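Please look over the sequence and the model below before reading on. The paragraphs that follow go from one part of the chain to another and describe how the parts meet.

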Amino acid sequence: MSTIRRWRLILAHLTLVMTCIVMLITSRSVAGGGTTGDFPLFVQAGHALIAGEPLHAADRGYIYGPFPALLFAVLSPLGRAGAAWALAVFNAAALWFCVTFGARAALRAFAIRRDALLDAEVALIGLLLSLDKARSVINGGQTDLLVLLPLVLALAWNGTRPTGAGVALGFAANIKYTTLVLFPYLAWRRQWRACAAMIVSGLGFALAPALACGWQQNLDHWRTSLTGLGRLIGAEPPSANAAPFGAITFEQSISITSAVSRWLIQDWGRPVSGLVVIAVALAVLGACSLLYRHHRIPMLMRGKAGLDEPVLRYIEWTGLIAALLAFSPQTQGRHFVMLLPLYLGAGVMLRKPRVPRPMLFLGLVVIQAGLILPPAGLANYEHAVQSWRTIGGASWCLLILFLCYLNAGLRPARAVRDSPGEGGAPPFTFAGTAVPDRGS
């Protein structure tokens, strides 16, 4: 490695590490001794789990299942301030791991011949694009990185270590229920080992809190939490014995589902609102189908050959994460930190020739503008910020990003399929180096 490349590598790694350290030491949750944001809700839930008290009392505001409460119960001997430090250190370390390990996974998925400098540069791109939302998570003492970390692991392992991928997803599903959307995808693509591992590990993590509170109490906690979730999506009637989820029209939610519900539920009712959301989702699916057809790649019935293609797996997994954010019953701005794997994939494609990079770059600009504009916290823009949230502006921008990203990502997927070993086009090159044929 030349001297210039060595210094670039050192600078890239220093930037990654120092950025995470700065976010740690400037965390408002740490500075406030664990008394700000949602962090006190988790601490109180941990104490309640150990004490055998209800987790989901209306005055407590806790909406998750008992498993996150168990994690915070483990931290209770540290006190509230110590627990805030512990979570902040974990979040900063998890962010660093996600960008560095995730960058290597993205490069491997796109069949790029890796080197240390390239790994670090792609990681920097992902960190830069995720910086604002990652800072919100660490500042607020939030648990989103407890979900992102297993998602990154599952995405990296799904082709080579399906059991490990399933266990990681089982863990994530016990933190955020919406990650269960990956299970039907795994089943559709016939990844049975990952499906089985996700079910078994998910049940194991779900039952683990019984060690602290007893089997019956644990079941009661899960019943209350799931009843609240059912009320959120309209599957359960109003009940006092339910987790205090906000309404689907919650003003802080920026998902398309919440935006459409705010427009329509009051005048037209929940069924009409649901049909409009389904229509939007089907329109996006139709646009995706056209892109697959344009690139001559089957979208649905690919057979086993499609399962073994890392590029398509990576694009589709990150697409499901984007769909989860855009169409969730509740999505807040900080949840967009989950886009990190997509950003890493985009970072790889931005460095790759013969990919429609201008459109991909435009999509990245659109989502960043959608997430940070109008500027919050300024009096002159309060009305604009509220209006942008009301219409779910960031989620509509996310759909634009994903279609640009999908169009860019299907190009290398087609190139791999049409590799010389199969009588097709020449292999892609990256930084002047040919990508080896998969059949060699």
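Helix H3 passes helix H5 in a right-handed crossing. This is a predicted model, and H3 covers residues 39-51 while H5 covers residues 79-109. Two packed helices are described by the angle between their axes and the distance between the axes. For H3 and H5 the angle is about 115° and the axes are 11 Å apart. The two helices are therefore roughly perpendicular to each other, since angles of 65 to 115 degrees are classed that way. On the H3 side, the contact is made by Phe39, Pro40, Val43 and Gln44. On the H5 side, Arg80, Ala83, Ala84 and Leu87 take part. Sorted by class, the residues of this contact are six nonpolar, one polar and one charged.

The chain has 440 residues, and 52% of them count as buried. Contacts can also be sorted by how far apart the partners lie in sequence. Among contacts in the chain with a separation of 6 or more, 71% are between residues 24 or more positions apart.

At what angle do the axes of H6 and H17 cross? The axes of helix H6 (residues 116-140) and helix H17 (residues 340-350) cross at roughly 135° and come within 8 Å. That angle makes H6 oblique to H17. The crossing of H6 and H17 is right-handed. From H6, the residues that meet H17 are Val122, Ala123, Ile125, Gly126, Leu127, Leu129 and Ser130. Their partners in H17 are Leu340, Tyr343, Leu344, Gly347 and Val348. The residues of this contact divide into nine nonpolar, three polar and no charged.

How many salt bridges does a search of the whole structure find? The search finds eight. In one of these salt bridges, the side chains of Glu121 and Arg8 meet, with N to O at 2.4 Å. Glu121 is in helix H6 and Arg8 is in helix H1 (residues 3-25), so the pair, 113 residues apart, links distant parts of the chain. Are the two partners buried or exposed, or something in between? Glu121 has a relative accessible area of 18% and is buried, because buried means under 20%. Arg8, at 39% relative accessibility, counts as partly exposed.

Another salt bridge joins Arg189 and Glu316, whose closest N and O atoms are 3.2 Å apart.

The salt bridge between the side chains of Asp220 and Arg223 has an N to O distance of 2.7 Å. Asp220 and Arg223 are three residues apart in helix H12 (residues 215-233), which means that about one helical turn separates them. Asp220 counts as partly exposed at 29% relative accessibility, and Arg223 also counts as partly exposed, at 46%. Elsewhere, Asp38, Asp144, Lys176 and Arg334 are linked in a network of salt bridges.

Arg190 is placed in the loop between helix H9 (182-188) and helix H10 (192-207). Arg190 has a positive phi of about 60°, although it is not a glycine. Its relative accessibility is 53%, so Arg190 counts as exposed. Arg296 is not a glycine either, and it has a positive phi of about 60°. Arg296 lies in the loop between helix H14 (270-294) and helix H15 (304-307).

One more loop residue is Ser27, found between H1 and helix H2 (28-31). Is Ser27 buried or exposed? Ser27 has 0% relative accessibility and so counts as buried. Leaving out residues up to four places away in sequence, Ser27 touches Ile138 and Asn139.

Methods:
Residues are numbered from 1 along each chain as its sequence is written. This is a predicted model: local features need pLDDT of at least 70, side-chain atom pairs count only at pLDDT 80 or more; totals for chains, interfaces and linings use all residues. Side-chain values use heavy atoms; hydrogens and water are left out. Axes are lines fitted to C-alpha atoms, for helices over the stretch in contact, and angles run from 0 to 180 degrees between N-to-C directions. Helices (H or I, at least four residues) and strands (E, at least two) are DSSP runs, numbered from the N terminus. Angles under 35 degrees count as roughly parallel, over 145 as roughly antiparallel, 65 to 115 as roughly perpendicular and the rest as oblique. A crossing is left-handed if the near helix is turned anticlockwise from the far one by less than a right angle, and right-handed if clockwise. Contact means heavy atoms within 4.5 Å. Ala, Val, Leu, Ile, Met, Phe, Trp, Tyr, Cys and Pro count as nonpolar, Asp, Glu, Lys and Arg as charged, and the others, Gly among them, as polar. Buried means under 20% relative accessible area, exposed over 50%, partly exposed in between (1.4 Å probe, protein chains only). A salt bridge is a side-chain nitrogen of Lys or Arg within 4 Å of a carboxyl oxygen of Asp or Glu.
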